Amino acid sequence: MIGKEVAERQMVGLSAQMRLADFWQIPPPSRPEILFQAIQASHAWHFTHNPAYHDALSARRVGAEISPQDLPRLLRPTSQTFKSYIDILGTPFPQDQPRRFMAWLIDHLSLQTTGDLAPGERIGQLKERYPSLEALLRDIECLYTDLGIEIITSSGTSGRSTILARDQQAIERTVESFYLSFQRYFGMQLDHRAIFIMPRQTRIAMARMVGFSLRQVGIPPENTFFTIPFPAYPDQVRVRSGRAYRSGWQGWIERRALNPFMNWMNEHIVSPQAVRRAVNLLLQAEADGVKILLFASWVHLHGVALALRSQKKVLQLPPGSLLGTGGGFKEFYPYAPDQIRHDLAQSVRTTDGQPVPVRDVYGMAEANWAAMQCRAGNYHIPPWVYVAVLDADDRFQTTPDATGILAFFDPLGGGDLIPAFYKTADQARLINGSTAYDPALDCPCGESGAYLAQASIQRVDLLDEAGCAAQI
């Protein structure tokens, strides 16, 4: 059995040796073995440091040492693992039982020492109740500031937020992962102007990482704009969704007053103002001759197209400009992506007469990476992620073109705080995954390695359990 000291040395050694960008230089057939070695070391570390992971894997008769055949047994479901606090607390509202929630959270973290983190130590400093989830999460970050913990969430529109923590190492690796993919697939450079139709203040994972990553690219703050002026904290997103309310008088106020008011505000004030500001920034970029990345939900992108149409305006932006989106649709909208793409093509063009490209991003709160859509429409998995699809018996499919439940291992980009080995809630067609590779199936864009085929990603659990950025 691998001991704690050996696991720690392995993790430190791998983190020091491997750079994420190096994986693009490694031939695809050679990547799985290198990644398996990293998975071995990562598993040994988390098995000896993470109580929840240790218990889950021990129940499956997996020890600290693993073989390739053990990989499927390392997977935990994204749709449940970081929502399991609900079963422990008996409520989806951690602010009602903050100390028990914190004990649950620590149970899911891989920490080098737990002496200062015992419930009788810092956990006892938390209040007995908090007025909101945001207030609780801020207090936890303050209480554990020496660990550099940042807590992120999914959009949580069902009232069942995914809640997980990152430390500074994980944040740095996630930012590196995102900005490398932005550079490679979106062509982001220092001379882009970045416009986000989203709030600057939010805990939603994708929104945070997009902003952090573009700053890492080197785009200066004066060229980065967030056009939604209001924060999107977890309880605000939950109430506006109208799918989960508190009990008693609080729930009555949320249902009867806050939800109608917030939706009215969003429809009549927030979204129109955010779209209007984005359009003004686009017009200024056109006048300045500056390349742009406009990143927003499908609905907000359509709002930009319709606003320009109403002004009888066709933007002329420098080649290299790009429109980005992520998260799909979290609420009913009468127009499909194809129609939105068509309307954008009529209103946002480059100076050489071509429509500005629209690229989608596939990601989730639990993943410290995102799959960027290429010009051929496929979604490329970063090469430092071991990816496979599962059959009905949770076994890896071993053909280079397979459809099943997507699973991934992120032993390097995932950091040392949480084992990033997950079975997702998405079915997809995976080409050239980590279990088989056929160069004849490489993406038409010219990129080699694993990708998800265009239009093949489907949610297989309830839509309201999905975690994405679209709701904001």
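A nonpolar core, for this tour, is a set of buried Ala, Val, Leu, Ile, Met, Phe, Trp, Tyr and Cys residues joined through side-chain atoms within 4.5 Å. Buried means under 20% relative accessible area, exposed means over 50%, and partly exposed is in between (1.4 Å probe, protein chains only).

Before you click on anything: this is a predicted model, where local features need pLDDT of at least 70, side-chain atom pairs count only at pLDDT 80 or more, and totals for chains, interfaces and linings use all residues. Residues are numbered from 1 along each chain as its sequence is written, and side-chain values use heavy atoms, with hydrogens and water left out.

**The whole chain**

Start with a cartoon view. The protein chain has 14 helices and 17 strands; these are DSSP runs numbered from the N terminus, helices being H or I with at least four residues and strands E with at least two. Of the 472 residues, 58% are buried. Take contacts (heavy atoms within 4.5 Å) between residues at least 6 apart in sequence: 72% of them join residues at least 24 apart.

**The cores**

Now select Leu71, Leu74, Phe101, Ile140, Phe182, Phe186 and Phe409, which touch the most other members of the largest nonpolar core, a set of 100 residues. Helix H9 (residues 168-186) gives this core its largest share, eight residues. Then pick up the second, separate core of 30 residues, which includes Ile292, Leu308, Leu315 and Leu344. In soluble globular proteins, nonpolar side chains tend to be buried together.

Zoom in on Phe186. Apart from neighbours within four places in sequence, its contacts are Ser181, Leu293, Leu322, Arg359, Asp360, Val361, Met372 and Gln373.

**Strand S6**

Which strands flank it? Strands pair here if DSSP finds at least two bridges between them. S6 pairs in the parallel sense with strand S4 (residues 192-199) over five bridges, and Ala194 stands opposite Leu293. S6 also runs parallel to strand S8 (residues 322-326), joined by three bridges, with Phe295 opposite Gly324.

**Aromatic stops**

Next, show the Phe, Tyr and Trp rings. Rings (for Trp, the six-membered one) pair if their centres lie within 6.5 Å; planes under 30 degrees apart count as stacked, over 60 as edge-to-face and the rest as tilted. The whole structure holds 16 aromatic pairs. Pick Tyr53 and Phe421: the ring centres are 6.2 Å apart and the planes at 65°, so this pair is edge-to-face. Tyr53 sits in helix H3 (residues 51-59) and Phe421 in strand S15 (residues 421-431), so the pair ties together parts 368 residues apart in sequence. Both residues, Tyr53 and Phe421, are buried.

Tyr85 and Phe101 are both buried.

Then find Arg246, which lies over the face of Phe93 at 4.3 Å from the ring centre. The test is NZ of Lys or CZ of Arg within 6 Å of the ring centre and within 35 degrees of the ring normal.

**Last stop**

Finish on Leu306 in helix H13 (residues 298-310). Is Leu306 buried or partly exposed? Leu306 counts as partly exposed, at 32% relative accessibility.
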